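These entries record what I looked up in one structure. I began with the aromatic side chains and then turned to the sheet and the cores.

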Amino acid sequence: MSDGTSGQDLPVGFGFRPYRGDEDHGAMAAVRLGCAERDRVDAHSVVEGLPTAAEIGEASATLEEPSKNQILVVRNGSVVGYSTIRWWQERNDTWLYLHRGHLSPEHRHQGIGSTMLSWAEERIRQLVEQHGTARTAVIGANAMVSEQDATALLLAAGYRRVFSLVELELGELRQLPERASELPAGIRTGPIEASHYRAAWRTVVDSYADTGFTQKWPFQDFVDTADPACWRAAWNGQDMVGVALCSIRRPDRTVGEVEELSIRTDQRRLGLGRALLLDGLRSLREQGATTARLFTGTANPHRSYDLYESVGFRRQNEYVRYRKPLARPSGDPSARRPVDSRGPGVSG
């Protein structure tokens, strides 16, 4: 596949073609909808739900060279699947090249998924060579626990599970518990203003200091996506010691999300997490949300499940993150031993 799109290993009647932009978004959304029942997709998920054509268009616009890094599977001119590649650098300098494929269930188990995966891996090798990142590059792929076909495909192709995220839902925001107790002396909570952004960003970034598999998060990216209406922070004197970053970003304004809940290490076990979480949830309710979602790593060392469940959150689905060394063709003298990340984390 010298041009990356020939699809010569696909069954007769199927082919690859590059992504063409707006004209493809409706068909891509239809593929996702067609996968929903088989893969038990949670339409309201804040990790990976059922995107609309407009949302697929927004996501595609963030890709670098989308016509080269997003490919469609077609049968008699109709789109039946697609794969997407994106990449970023993690805190430990690993370059993660992530591919994600979706294929209509009626066309599975014919070798199409394997060919899509081969296309993605070959394209990633090309990108790694172009970027000069071979020393620290690794291939990644995602699948929900409920996606049995994708899971089997990845495991058969040599991917290994490195960590997973679990999504939790609070089904009813109208009845929230009260704070268990008063905050320690000297601690106050309140909204986050623009003048607090750098302190809030630093509070979150520092909470991931010893966590692997997390994407670098520049301060400017934090500012560019700031949505502070439902953000709350805790201060000890003038020092910010914790944040709850909640927001309503989805077209469905009834679903809120707890995007971050971070408490400084030396201020944990004092009730700050629960107080900030409840303040953030009440803010979501005031903005019109009736339910809330969040996700966290299954290997979370701070027992956050206990906190979330204590206010009514319940587990939904599990999202597994797989990785594979950047293998080169046998006999390639430039092959290098891959560098693995360490520890659990919460990024894709």
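Entry 1, a charge over a ring. I located Arg 198 over the face of Phe 219, at 3.8 Å from the ring centre. The model is a predicted one, and I read the distance accordingly.

For the model I noted a count of eight aromatic pairs. I then looked up Phe 222 and Trp 231, a tilted pair with 5.4 Å centre to centre and 40 degrees between the planes.

Are Phe 222 and Trp 231 buried or exposed? The cut-off for buried is under 20% relative accessible area. Phe 222 has 1% relative accessibility and therefore counts as buried.

I traced an open sheet of 12 strands with mixed pairing, in the order E1-E2-E3-E4-E5-E12-E6-E11-E10-E9-E8-E7. At its edges I found strand E1 (14-18) and strand E7 (187-191), each of which pairs on one side only. On average, neighbouring strands of the sheet are turned by 25 degrees against each other, direction ignored. Within the order I examined E6 and E11, which pair in the antiparallel sense over six bridges. I noted Thr 296 in E11 as the bridge partner of Val 166.

I followed helix H4 (residues 112-131), which lies across E1, strand E2 (70-75), strand E3 (78-89), strand E4 (95-103), strand E5 (137-144) and strand E12 (314-325). Relative to E4, helix H4 runs at about 155 degrees.

How many residues does the largest nonpolar core have? I recorded 30 residues, and those with the most contacts inside this core are Leu 173, Leu 277, Leu 281, Leu 284, Tyr 308 and Phe 313. Among the elements that each supply at least two residues of this core are strand E6 (160-170), strand E11 (291-297), helix H8 (272-286) and helix H9 (304-310). Helix H8 gives the largest share, seven residues. I then listed what Tyr 308 touches, leaving out residues up to four places away in sequence: Leu 168, Leu 261, Leu 277, Leu 294, Thr 296 and Phe 313. Apart from this core I found another, of 28 residues, including Val 80, Trp 87, Leu 103 and Val 320.

Technical notes
Residues numbered from 1 in each chain as written. Predicted model: local features only at pLDDT ≥ 70, side-chain atom pairs only at ≥ 80, totals over all residues. Heavy atoms only, no water. Core = buried A, V, L, I, M, F, W, Y, C linked by side-chain atoms within 4.5 Å. Buried < 20%, exposed > 50% of the residue type's maximum accessible area, 1.4 Å probe, protein only. Helix = DSSP H or I, 4+ residues; strand = E, 2+ residues; numbered from the N terminus. Contact = heavy atoms within 4.5 Å. Pairing = 2+ DSSP bridges. Axes fitted to C-alpha atoms, helices over the stretch in contact; angles between N-to-C directions. Phe/Tyr/Trp six-rings, centres within 6.5 Å; stacked < 30°, edge-to-face > 60°. Lys NZ or Arg CZ within 6 Å of the ring centre and 35° of its normal.
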